Amino acid sequence: MADSYDCIVIGSGPGGYVAAIRAAQLGMKTAVVEKDKVGGRCLNYACIPAKAVLRTADILQEVRDAGDFGVKVAEPEIDYDAVMERRAKVVKTLTGGVSGLFKKNTIEVIEGEGGLTGDGKVRVGETEYEASKAVILATGSVPRGIPGAPLGGRIIGTEEAWALDEMPRSLAVVGAGASGTEIASAYVRLGADVILLEMLDRVLPSEDADISKVAERGFKKQGMKVVTGTPVENVEAGDASVTFSYGGEKGEADWLVICTGRGPDVEALGLDEAGVERLENGLIKVDGALRTSRERVYAIGDLVPGPALAHKASDEGIIAVEDAAGEQTHPIEYADIPRATFCTPNVGSFGLTEEQAREAGHDVVVGKVQYGAVGAGTVYGDRTGLIKIIGDKKYGEMIGGHIVGTRATELIQELVNAKALEGGYPEIARIVHGHPTLSEAVMEAARAADGWLIHG
Ligand SMILES: Cc1cc2nc3c(=O)[nH]c(=O)nc-3n(C[C@H](O)[C@H](O)[C@H](O)COP(=O)(O)OP(=O)(O)OC[C@H]3O[C@@H](n4cnc5c(N)ncnc54)[C@H](O)[C@@H]3O)c2cc1C
């Protein structure tokens, strides 16, 4: 029998590492089990590397557009090796930061694959560890392939797409959700031929329909071929390329990137043996405090229902360990978690789309304003960005917020914060916003919902 702890966290992604730090802050002797690299998939392979490469694409775009602002530059060139080097450096800095926080908080890292035993202990290899207060399952998710296109060789998932050794000449991206649009809009601006294929009838199908329209226009302007409402079929991977067909046409690309979703990484966890129940969709069943059906075992992040997002995983980690420590915690309002997609144009949203709000029977009011309505839109060169607030007339409540355009991923937070503090669109309409900022367009959209748009 090896060491015992108050709290053992399995998985060190944004769910697991934040849970571990909070547990240590609350006085628990804490260990984290990790089978790969500290920081989880988010920091090592997913969110962070993606954003590092997207940042390069954004800078390249700004340089290309510099002439519009009176700056003469030669046609910029991409040094792909340097892009990948910077990507690796960003990852190293951030994962090193997590390791540093583990040391600072006296959190032990146990290297290896962890799972539960029948009596609720944690097994890593031949060693069993006991956790007196909580075991937090935080092992995240793995990609799911699509029928007829198994992952391997020239058919890759999102994590591989952000780590290609050489700049691809062409990419076929299957699935136009958050990950698919980020990959497509990064590589097309870096200079690859990109086709984005979506089976549903529009890009970003879970966003509000108005947002999808503006995003699709932006993608096409970048030179991307966008095909919606059509499945990808007859996929055949060769040594140097992949061929496929869609809606009667044939395509070929260096890589086919599958961006159609992920499933929970539960294989090694021993859930059945430990009596941890799962839902029909394979996710782990939890209550509002992230407790599973097994006493003292919690599950968080991509293992449980709700949007598969890093900040959601982190918040759940905090709630789980606070509950284990006997603290009063508050369940998450899942609908109000901000969703951020870092394609260009940027997309940020929360809550219901207009269509969902009408279906849910709300007395819907819509406040819609383009960035061009305020000075900053013109000054900064984005007049087509769009803010859309969905409200319910009865109490002025905001039930959805949708933004597409420059810095949408930052701007959405204002609406989320106001809602969390029980503010509605009439309050946003009355808060003084700095000038000239894009946030003034958020205020104007709230005024539009309240019936007194000034710049409209
Ligand atoms: C390409 C891509 C881009 C994304 N971009 C964003 C974004 O910009 N913003 C955002 O909010 N979300 C983004 N996401 C989603 C985000 O990555 C996940 O929601 C988040 O990583 C979930 O965190 P987690 O802690 O649950 O798990 P993970 O980050 O998946 O970490 C789980 C860890 O557990 C380890 N592990 C698994 N099994 C075991 C075991 N049995 N024993 C020990 N260790 C184990 C794994 O090695 C891994 O390190 C993106 C996802 C992808 C794929």
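Trainee: Why is Asp-119 called partly exposed?
Mentor: Buried means under 20% relative accessible area, exposed over 50%, and partly exposed in between, with a 1.4 Å probe and protein chains only. Asp-119 has a relative accessible area of 47%, and therefore counts as partly exposed. This is a predicted model, in which local features need pLDDT of at least 70 and side-chain atom pairs count only at pLDDT 80 or more, while totals for chains, interfaces and linings use all residues. Residues are numbered from 1 along each chain as its sequence is written, and side-chain values use heavy atoms, with hydrogens and water left out.

Trainee: What makes Lys-121 and Asp-119 a salt bridge?
Mentor: A salt bridge is a side-chain nitrogen of Lys or Arg within 4 Å of a carboxyl oxygen of Asp or Glu. The closest N and O atoms of Lys-121 and Asp-119 are 3.0 Å apart, so the pair qualifies. Lys-121 itself is buried, because its relative accessible area is 16%.

Trainee: How many salt bridges are counted by this rule?
Mentor: The count comes to 26. One of them joins Glu-182 and Lys-51, at 2.9 Å from N to O. This pair links distant parts of the chain, 131 residues apart: Glu-182 is in helix α6 (residues 178-190) and Lys-51 is in helix α3. Helices here are DSSP runs (H or I, at least four residues), as are strands (E, at least two), numbered from the N terminus.

Trainee: Is Glu-182 buried or exposed?
Mentor: Its relative accessible area is 5%, so Glu-182 is buried. Lys-51, at 25%, is therefore partly exposed.

Trainee: Why is Glu-444 called buried?
Mentor: Glu-444 has 1% relative accessibility, and so it counts as buried. Its salt-bridge partner is Arg-447, with the closest N and O atoms 3.3 Å apart. Arg-447 is buried too, because its relative accessible area is 14%. Both residues lie in helix α14, 3 residues apart, about one turn of the helix.

Trainee: Which residues come nearest to the ligand?
Mentor: Of the 39 residues around the ligand, these are Glu-34, Lys-51, Gly-114, Asp-302 and Ala-310. A residue is near a molecule if one of its heavy atoms lies within 4 Å of it.

Trainee: Where is Glu-422, and is it buried or exposed?
Mentor: Glu-422 lies in the loop between α12 (408-420) and α13. Its relative accessible area is 76%, so Glu-422 is exposed. Its phi is near 65°, again a positive value in a residue other than glycine.

Trainee: How do you know that the bond from Thr-344 to Pro-345 is cis?
Mentor: Its omega is near 0°. Most peptide bonds are trans. Pro-345 is in the loop between β18 (339-341) and β19 (347-351).
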